Amino acid sequence: MGSTFQSPRVVKAEGIRYFTPKNNSGAALHPDDPKTPTLFRPLQIRDVKLKNRVMVAPMCTYSTESDPKSPAVGALTDFHIAHLGHFAIKGAGLVIIEASAVQPNGRISPNDSGLWQEGTDSEQFKGLRRVVDFAHSQGAKVGIQLAHAGRKASTVAPWLSSEGKRSSIKADESVGGWPSNVVGPSGGEEHIWAPGDVKYWSPRELSTAEVEEVVQAFGRSAKLAVEAGVDLIEIHAAHGYLLHEFLSPVTNHRTDRYGGNFENRIRIVEEVATAIRAVIPAGTPLFLRISATEWLEEQPVAAQTGSWDMPSSIRLAKLLPKLGVDLLDVSSGGNHKDQRLQPHTNYQIDLAGELRKEIRGAGQTTLVGAVGFITEADAARNIVEGADEFLATNSVLSGQEPKADAVLLARQFLREPEWVYNAAKKLNVPITVGYQFARGVL
């Protein structure tokens, strides 16, 4: 891998109180060279230009203040600067901040991040701003995933339950939990995440007015995020959390305008996207993460109610342009204990590819992100190779049709924070390297 500095002249990064050079690690030196793989070519989404197609997927770290009386509850900390900032230093084009709750009871655990405190003087706002400013100083763009955990809320951090320190993963008031305010589209014992399991709280059903407040909360959080400098917003509607719970007939048994047929079940996602678009700049990209399928086909629960499946996701995907959604982040599962999936290298990549094919077949340009078991450079390259050409011509110019326009990596970045550097080396792509790390990479 050939590497160089972005500029022969050191420039101080803006927005940082101490001195650090303005870096831009991970950018291809020759992005327009036909030999440069699509993975290392820039991606323009509205007014935001990513230097490469490698995105750090949101990863919950359960590492914020949990005391509900503390002004710092839910605020990002120095840990998040170190954790997320390192991915920015090592060349990721986009770093997406972990699921951040739009309401206090929308956290998965008391230690989750949030962005519900109003005003730019709040600890949540200031913590977010510090993470964003540092990532920007290293040349990365920053997204934030806005979320509400719904019926999967008020649980303890996973390492507490996994180490046998607690007999249940429930978080009660003694550890900052909110057992009486765990909510879902439908309520009752039968709507516990794992029915019959005493480890989770029973949700109560949101009133129609409360659903409308959830929608408004997403809008407020999005507005605060862009004021803090965040470059793009992702709506979390996957993995069995609240918005996914509304989408699925397995968990949505409502009889008001938010339940019943497909149009009613997707209404909250449509309204959330509309609310966010109304308060963020027109040039700010909007992503949507979904579980493309719940993996419940042929399971008894799906036979009773139906489930959210690929045909449902295809219908939703074709509605995204009118909602102002720019990229569909394709994941799967997480809404019922009876899901039957056999994870393998391409199990979610294939879902992304199928959705992208349907989107392009409808003449639409919504981008698609692929996530799941992406560990090797050549695999990442092959997923997105030719994506720009296919978008322009709607045909395969060479090789196979691309399955996505960008790749999202999570656990692989935990194992290998310098993945972008290593991928560039394996693919023979000369890239820029930050000043402070150049002696170890050049």
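**Rings, charges and a covered helix**

A: Let's start with a charge over a ring: Lys170 lies over the face of Trp201, 4.5 Å from the ring centre.

Q: Hi! What counts as a charge over a ring?

A: NZ of Lys or CZ of Arg must be within 6 Å of the ring centre and within 35 degrees of the ring normal. The charged end of Lys152 also sits over a ring, that of Trp193, at 4.3 Å from its centre.

Q: What should I know about the model itself?

A: This is a predicted model, where local features need pLDDT of at least 70, side-chain atom pairs count only at pLDDT 80 or more, and totals for chains, interfaces and linings use all residues. Residues are numbered from 1 along each chain as its sequence is written, and side-chain values use heavy atoms, leaving out hydrogens and water.

Q: Okay, how many aromatic pairs are there?

A: A search of the whole structure finds 8. Rings of Phe, Tyr and Trp (its six-membered ring) pair if their centres lie within 6.5 Å; planes under 30 degrees apart count as stacked, over 60 as edge-to-face and the rest as tilted. Phe87 and Phe413 make a tilted pair, 5.3 Å centre to centre with 50° between the planes.

Q: Where do Phe87 and Phe413 sit in the chain?

A: Phe87 is in helix H1 (residues 78-89) and Phe413 in helix H14 (residues 411-415), 326 residues apart. Helices here are DSSP runs of H or I, at least four residues, numbered from the N terminus. Together with Trp419, Phe87 and Phe413 form one aromatic cluster.

Q: New topic: how many residues of helix H9 are buried?

A: In H9 (residues 310-317), 6 of the 8 residues are buried, including Met310 and Leu316.

How values were computed:
Buried means under 20% relative accessible area, exposed over 50%, partly exposed in between (1.4 Å probe, protein chains only). Helices (H or I, at least four residues) and strands (E, at least two) are DSSP runs, numbered from the N terminus.
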